[in-house]
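Here is a walk through a two-chain model, written for someone who would rather look at the picture than at a list of numbers. Have the viewer open as you read.

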Amino acid sequence: MEKLSNKTKTMLTIFIIVFFAFLLFLASRYLDSYRLRIINLMAIYAIMAVSLNLINGITGILSLGHAGFILIGAYTSALLTLTPSQKVSSFIIEPVNPIIQNLHTNFFVATILGGLMAAFFAFLIGWPVLKLSGDYLAIASLGFAEVIRILALNAQSITNGALGLKGIPEYTNIWWAWGWLLVTIVFIVSLVKSSYGRALLAIREDRIAAELMGINVFKHELISFIIGAFFAGISGALYAHWLTTIEPKITTLGPILTFYILIMVVLGGLGSISGSVVGGITFALLMEWLRNLEDPFTIFGLNFPNGIKGLRLLVISTIFILTMIFWNRGIFGRNELTWDSIYRFFKRFKKKRGGK
Amino acid sequence: MQNENILEIKDLHVYYGSIHAVKGINVIVPRGKIITLIGANGAGKTTTLSCIAGLVKSKRGEIIFNGNDITNKPSHIVNLAGIALVPEGRRIFPNLTVYENLMMGAYKRKDKEKIKQDLEWVFSLFPRLKERISQLGGTLSGGEQQMLAISRALMSKPQLIMMDEPSLGLAPVLVDEVFDVIKKINSEGTTVLLVEQNAVGALSISDFGYVLETGRIVLEGPGEELLKNEEVKKAYLGI
């Protein structure tokens, strides 16, 4: 098997990160704010996808509660970055809880605390949920995420209920979003590469055999669940400071979001981290680009003056179904984009051309 | 002083719901020997092993390992205590490589140098695995998967290795090879508790055997003696 030396790989990795940073720098200088928002959303979606992938794809826990953790991260961080006076003026129905009113920190600390809060909830939820398996676990986690959302809807003095939180400062810029994505990827890749990560893979492959190898399956699953939830909380914090308005709605921070993330993960390849990143980025791009369909357009001489509302989702679903038919394990399957695989690809490519 | 008997099962009862699968069996495994449980399908052999390994819970009875009560302890604790199970159906990790499969066996061990030695030892038992070291477990043939399952169990350096039908579904040549390896493993100091339907092969390498029938032990004795027993011959050996 062809291999590159570790030193070359490290150099290449550093080079590509610097190169990406330079591209992002150019983007932040020359692109308009609409395009920049999309670029930020790509990173946020990618973090959501990678963190769900750790739980669903790598450890093999079919959890559908991701939106719940994102919601917790979003609310926690937003409540910490809103100023006390903003909170007082937006909590109309019931005055804001005095403890929460006076809490205020900077964006970085708020993001971390959002992640930690989500991780804490994952710890609480994980105990009962991870005792289940398969379909039951999926339903229970979906239920827990809904419980969290309903709580947010009704804990008036903490979350402002259905009115949601408005006027959240738009702190999420290109550096925060992509920086956190880098941190997420580096952390989860090194986790998967460690012997601990191999144990997670073993659990996915065969729980009983993993248990027989002396792996405490429940403990490993719980830790993977908590780490996944932590990064979901981080992405929630970034998302809140990207949206600037958050409400406990089904579509923004509810089950629909979970299913969007699931689509990103499955599209990229369940179990592949590179796949999740590509899935998240593709999904953000497609969702924006397909907005064209909901604007006025003409096709085959037929004119749709108002566009067709909802057509975007129809097309996304069709693309998803087609992907599943032609690549039923997603774009990457379980493979990762590594320097070795790229090297092998070019090697083969060269051989083919040389042969001619 | 170490106990003479590495494992003692006393009056073990296991239920699956309302089905009484194991009805009070007593088994003694002396240190350094090969002990076999034989019996037809549904006799409770696999259930007994699963119960020792902590995969199913017993309702009554005791399992004593090295003088410690391990009854109904979870599997990962049983593994740490020094018991490894080669499960029915092999249960290797199909999308991990042969090497990764073997290293999962040594997951709880910290002694890197010894792990390396054991890896070499395992490869000397099954040279074919060494050739396949970076192949995915799922791409191996049935016989190779069985070798991998046995090797993986050995990588945890168990004092007692339990094997559930290691000869199942293997070509006759391979069956002999597997039994030879079991003897070799035993001669190097690991106690073996074997469950088999292939009674001739199993009993001929065993020091002692138990015959199970619908959850009860109906016959017990040294391996060669059971081989000569008329009832055993009729029921299990087809002679």
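What follows goes from the whole chains to the contact between them, and then to a few spots worth a look.

Keep in mind that this is a predicted model, where local features need pLDDT of at least 70, side-chain atom pairs count only at pLDDT 80 or more, and totals for chains, interfaces and linings use all residues. Residues are numbered from 1 along each chain as its sequence is written, while chains are lettered from A and ligands numbered from 1 in the order in which they are written.

**The two chains**

Chain A has 17 helices and two strands. Chain B comes to 10 helices and 10 strands. Both counts rest on DSSP runs, numbered from the N terminus: helices are H or I with at least four residues, strands are E with at least two.

The table puts some overall values next to each other. A residue is buried if 20 or more other C-beta atoms lie within 10 Å of its own, exposed if 12 or fewer, and partly exposed in between, with the C-beta atoms placed from the backbone.

| Chain | Residues | Buried | C-alpha span along principal axes |
|---|---|---|---|
| Chain A | 356 residues | 41% | about 75 × 65 × 40 Å |
| Chain B | 239 residues | 46% | about 45 × 40 × 40 Å |

How does the radius of gyration of chain A sit against the globule rule? The radius is 22 Å, close to the 21 Å that the rule gives for 356 residues, so chain A is as compact as a globular protein of that length. The radius is taken over C-alpha atoms, and the rule is 2.2 Å times the number of residues to the power 0.38. For chain B, a compact globule of 239 residues would come out near 18 Å, and the 17 Å of the model agrees.

Two residues are in contact if their C-beta atoms, placed from the backbone, lie within 7 Å. In chain A, 80% of the contacts with a separation of 6 or more are between residues 24 or more positions apart. In chain B, 66% of the contacts between residues at least 6 apart in sequence join residues at least 24 apart.

**Where the chains meet**

The contact takes 16 residues from chain A and 19 residues from chain B. On the chain A side, the elements giving two or more residues are α10 (195-205) and α11 (207-212). The largest share, six residues, comes from α10(A). By type, this side of chain A divides into eight nonpolar, three polar and five charged residues. Here Ala, Val, Leu, Ile, Met, Phe, Trp, Tyr, Cys and Pro count as nonpolar, Asp, Glu, Lys and Arg as charged, and the others, Gly among them, as polar.

**A tryptophan in chain A**

A:Trp178 is in helix α9 (residues 174-193) of chain A. Is this residue buried or exposed? A:Trp178 has 22 other C-beta atoms within 10 Å, so it is buried. Leaving aside neighbours within four places in sequence, A:Trp178 is in contact with A:Leu24 and A:Ala43. The C-alpha atoms of A:Trp178 and A:Ile39 are separated by 8.9 Å, though the two are 139 residues apart along the chain.

**A covered helix in chain B**

Now find helix α6 (residues 142-154) of chain B: 11 of its 13 residues are buried. Among them are B:Met147, B:Leu148 and B:Ile150. The cover over the buried residues includes β6 (83-86), α3 (98-105) and α4 (112-125) of chain B.

**The sheet in chain B**

Four strands of chain B form an open antiparallel sheet in the order β2-β1-β4-β5; two strands pair if DSSP finds at least two bridges between them. The edge strands, each pairing on one side only, are β2 (19-30) and β5 (68-69). Five bridges join β1 (residues 5-16) to β4(B), and B:His13 stands opposite B:Arg60 in β4(B). Two bridges join β4 (residues 60-65) to β5(B), where B:Asp69 is the bridge partner of B:Ile64.

**Positive phi values**

Most residues other than glycine have a negative phi. In the hairpin of β4(B) and β5(B), which has two residues between the strands, B:Asn66 takes a positive phi near 55°. B:Asp11, in strand β1 of chain B, has a positive phi of about 50° and counts as exposed, with 12 C-beta neighbours inside 10 Å. B:Arg90, in the loop between β6 and α3 of chain B, has a phi near 70° and is buried, with 24 other C-beta atoms within 10 Å.
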